[in-house]
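Open your viewer and get ready to select a few residues by number.

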Amino acid sequence: MFLEIQGLKVSYRSYAGTITVLDDFYLNMKEGETVAIVGESGSGKSTLGQAITKLLPPSAVMDGKIEVSGIDISKKSEDEMSNIRGTTMFMIFQNPLNSLNPVKTVGFQLMEAISIRNQRNGENMTEEQMKNEVVETMKVVRLPDPERILERYPHELSGGQVQRVVICMALLLKPRLLIADEPTTALDVTIQAQVVNLLKELNQTRKMSIIFITHDLSLAYVLADRIVVMYAGRIMEDGPAEDLIRKPLHPYTEGLLMSIPTNDKNAGPLYSIPGSPPSFFSLPKGCKFSPRCRYVFGKCETEEPRLVNYGSSSVRCWLRG
Ligand code: ADP
Ligand code: MG
């Protein structure tokens, strides 16, 4: 397995107490796969990305195993991790400006990305060769007028351009795994689709593995081979994208699907799952989704179901045994 996560648990300590925001999390990912992590805000998605890249804040306590390309990241020092982060994996943060240095021009930072890669591979390139590669890669991510953008500082660009610069940087570094945390949230719908299609293209042409974090199940479906649906820090369902969309196994997945707007003019008012996600300070005892579930019965409210295999999927629901 390229990425192997077993029994991952992450808690945050604060003056108000300790909350466990990721629990019993498992993920096996093959090289070249695209996996979408889907869930409402606060379900633990960014925490997962930070755990994989070992960028959790000091207040976080982590338990469980994360192996990327055979490397057990818990055994790696910060120095080794910063090397792994630019090479084996690269994370695009929810706010893309966080991935860039505000006081350096875009050109400087993209050239730097190539130098880092060359250093790692023991390769020598002239300044001119590097510049050419930067300009070519900017074309790949469809950044218009490279010469002009290279001289700009990140804050002088539009949201869509900043996101493309960060993706361009990822391409120059050539990581094997790209983790994109809601990379399209700040963008308008047309640009969102473009960025998702771009990621899809990169996965297909460069075999780059992608973890795509989003709250939008329909975007997840466009991009991913597999979708993992999260709720209150747990995996509720994990399966091939096609199966999960056509035949959802978990009532929460079903609810998310029913909440997607359609073009059908005869459709009634848009469904929305009643209630809201629980606070991590007072999680329900049994299934974390039970207070909002329309199929709730007996033991749902007292006993938490385990994640079990169900064909080529897995699901955490008493309806599925
Ligand atoms: P998502 O990305 O799905 O919105 P997050 O992983 O950001 O979810 O957050 C999951 C939960 O962990 C939330 O309740 C959030 O408030 C809490 N949380 C995130 N970061 C911290 C932190 N540094 N300290 C304490 N709590 C945090
Ligand atoms: Mg987040």
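Start by selecting serine 46, which is partly exposed at a relative accessible area of 22%; partly exposed lies between buried, under 20% relative accessible area, and exposed, over 50% (1.4 Å probe, protein chains only). This is a predicted model, where local features need pLDDT of at least 70, side-chain atom pairs count only at pLDDT 80 or more, and totals for chains, interfaces and linings use all residues. Residues are numbered from 1 along each chain as its sequence is written, chains are lettered from A and ligands numbered from 1 in the order written, and side-chain values use heavy atoms, leaving out hydrogens and water.

Now show the magnesium ion (ligand 2): its protein donors are Ser46 (OG) and Gln94 (OE1), 2.0 to 2.5 Å from it. Donors here are N, O and S atoms within 2.8 Å of the metal (3.2 Å for Na, K and Ca), and as water is not among the atoms, sites may look incomplete. The two come from distant parts of the chain, 48 residues apart: serine 46 sits in helix H1 (residues 45–52), glutamine 94 in the loop between strand E6 (89–92) and helix H3 (106–121). Helices (H or I, at least four residues) and strands (E, at least two) are DSSP runs, numbered from the N terminus. Glutamine 94 is partly exposed too, at 41%.

Next, select helix H7 (residues 189–206) and colour its buried residues: Gln192, Val195, Val196, Leu198, Leu199, Leu202 and Asn203. On the other side of H7, look for Val189, Thr190 and Thr205, which are exposed. Finish just after H7, at lysine 207, with its positive phi of about 60°.
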